[in-house]
Amino acid sequence: MKYTTNKKAFSLIELMIVIVILGLLAAMVMPSLTGKGEEAKRDLVCVQMKSIYDGALDMYKIKNSVYPATEEGIKALTEDDSYFKDGKMPKDSWGQEFIYLNDDGSIELISLGADKKEGGKKEGKDIRLSECK
């Protein structure tokens with residue numbers, strides 16, 4: 001009595017080749033994906049700052065004829081619920097409040113970036129409204 005099996009399976013060499021190919025693909029794709037999360041957070045901060053400037057600050061200026069002074073800060077926008085839906089100032093992607101500067105009507109909004117410190121390099125670099133595209 002002969003037992004013959006017609007089982008089809010992958011050989012060890014075939015499995016090793018597939019693993020090597022997957023490893024090579026991962027090695028090519030991973031460098032392009034790393035850092036995209038921080039880049040997306042930086043882009044979101046620019047969108048938030050533009051929204052604050054074009055929305056809430058412009059409405060404040062229309063109502064009061066001037067932008068809030070630096071001393072009043074951006075918190076002046078939270079005193080009246082009409083500037084933000086819930087009356088709360090949005091925070092940057094890292095949970096920090098935006099820095100507001102008014103230099104004779106020239107407005108600058110600043111996020112301290114991922115390092116939450118003034119200055120910084122690469123991902124930790126400050127983000128300024130004037131530098132957003």
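Visitor: How many bridges join strand E1 to E2, and which way do the strands run?
Guide: Five bridges join E1 (residues 99–103) to E2, and the two run antiparallel; strands here are DSSP runs of E with at least two residues, numbered from the N terminus, and two strands pair if DSSP finds at least two bridges between them. This is a predicted model, in which local features need pLDDT of at least 70 and side-chain atom pairs count only at pLDDT 80 or more, while totals for chains, interfaces and linings use all residues. Residues are numbered from 1 along each chain as its sequence is written, and side-chain values use heavy atoms, with hydrogens and water left out.

Visitor: Which residue in E2 partners Leu101?
Guide: The bridge partner of Leu101 is Glu108, a residue that counts as buried at 14% relative accessibility, where buried means under 20% relative accessible area, exposed over 50% and partly exposed in between, using a 1.4 Å probe and protein chains only.

Visitor: What salt bridge does Glu108 make?
Guide: Glu108 forms one with Arg128, the closest N and O atoms being 4.0 Å apart; a salt bridge is a side-chain nitrogen of Lys or Arg within 4 Å of a carboxyl oxygen of Asp or Glu. Arg128 lies in strand E3 and Glu108 in strand E2, so the pair ties together parts that are 20 residues apart in sequence.

Visitor: And Arg128, what stands opposite it?
Guide: Ile110 stands opposite Arg128 in E3, and E2 and E3 (residues 127–128) are joined by two bridges and run antiparallel.

Visitor: Switching topic, where do Lys41 and Glu38 lie?
Guide: Both lie in helix H2 (residues 36–64), three residues apart, about one turn of the helix, and they form a salt bridge with the closest N and O atoms 3.9 Å apart.

How values were computed:
Helices (H or I, at least four residues) and strands (E, at least two) are DSSP runs, numbered from the N terminus.
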